[in-house]
Structures are given as structure tokens and as C-alpha cells.
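Please open the structure in the viewer and keep the selection tool at hand.

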Amino acid sequence: MVDTNVLVSALIGSRPDSPPKLLLRAMLSGELRYLLSADLLAEYSSVAQRPKLLRLHGLSTVELDALLWRVACNARTCAPARATVAPSDPGDQMVIDILVEQPEATLVCGDGPLTASARGLGFATLSPREWVDSVAQRL
């Protein structure tokens, strides 16, 4: 699964070969299998539509909605129940809920506290760079 910070980094980053942009391209092309819940998709949308981020990525709300629709279409969707374990940041609960329901999943994340929480709970995590490196090794 891909955390919101990675998606936002892909949208606002200027380097086309940055790990977040490569990850987003893999999401949009269907090359990457990833989990997505309705709550996580809503967070992708609400964060990416913040006025400052709209200025940075330059997409209109219509373009952003189309991009997120493609993200949703290529995802493996899930509807997790609220987990009984909690991350250090309550705002990350939706991510932990998915991981508890799908413990074989790997979280791709650039958020240090969320990564630490997920690892502390026994879940696999990768940074966007580590994800790119792992894909390169398989090619």
C-alpha cells in the first residue's frame, strides 16, 4: 500500500525519475499491485486538494479527480474494520487498519513516525527509494 505522503511527493516533485514519481507511474500503469481503502482514497484527495498543494502540483481539481480515479481503478480495494492496535499518530489509523486486515502487505511510506509505528507492530515497510531498488533487482 502507498501512504499519502508518497503520492503527494510524486505530484509536487519536479524530477521525473524520483522514487515517488516512479511509484506513481507504476500505480497508474497497473504495474504495481497495491491496496486502497475508501478512507485512504479520501485522504489522498483531501490532502492533494489543499490550496498550497494545488499551487505546487498545478493540477486542476478535475485533473486531480481523474488521476485519483485511475489510482482507484488500478488498486486492490479493501474495506478494513477498525483495528484494535493503534499507531502513535491517530491520523494514521486508516493505514494500520489496512495492514491489520492485510498483514502480507508492504507499506511504502516516507513518514518516519508512521514507518516506525508500522514496523513496531510487525508490518513490512519500504521507503520509496527502497521500493525502486527492490524493483530494479527483479528486472
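Begin by selecting helix 6 (93-101), strand 3 (106-108) and strand 4 (124-126) of this predicted model; these are the elements against which the buried residues of helix 7 pack.

Next, select helix 7 itself, residues 112-120, and show the side chains of Leu114, Thr115, Ser117 and Ala118, which are its buried residues. Viewed down the helix axis, these buried residues fall within an arc of 165 degrees, so they line one face of helix 7. Turn to the other side of the helix, where Pro113 and Gly120 are exposed.

Now inspect the two ends. At the start of helix 7, select Asp111 and Leu114: a side-chain oxygen of Asp111 comes to within 3.2 Å of the backbone nitrogen of Leu114. Just after the helix, select Gly122, which adopts a positive phi of about 90 degrees.

Which residues make the nonpolar surface patch of about 190 Å²? Select Val85, Val100 and Leu121, which together form it. Of these, Val85 is located in the loop between strand 2 (76-77) and helix 6. Is Val85 buried or partly exposed? Its relative accessibility is 32%, and Val85 therefore counts as partly exposed.

Finally, move to helix 5 (residues 61-74) and select Trp69, which lies within it. Trp69 has a relative accessible area of 58% and is exposed.

Methods
Residues are numbered from 1 along each chain as its sequence is written. This is a predicted model: local features need pLDDT of at least 70, side-chain atom pairs count only at pLDDT 80 or more; totals for chains, interfaces and linings use all residues. Side-chain values use heavy atoms; hydrogens and water are left out. Buried means under 20% relative accessible area, exposed over 50%, partly exposed in between (1.4 Å probe, protein chains only). Helices (H or I, at least four residues) and strands (E, at least two) are DSSP runs, numbered from the N terminus. The arc is that of the directions from the helix axis to the C-beta atoms. Contact means heavy atoms within 4.5 Å. A polar contact is a pair of N or O atoms within 3.5 Å; within protein, one must be able to donate a hydrogen and the other to accept it, and residues adjacent in sequence count only if both atoms are side-chain atoms. Patches are made of residues with over 30% relative accessible area and no salt bridge: like charges are joined within 9 Å, nonpolar side chains (Val, Leu, Ile, Met, Phe, Trp, Tyr) within 5 Å. Accessible areas come from the Shrake-Rupley method with a 1.4 Å probe; for residues, only the protein chains shown count as cover. A salt bridge is a side-chain nitrogen of Lys or Arg within 4 Å of a carboxyl oxygen of Asp or Glu.
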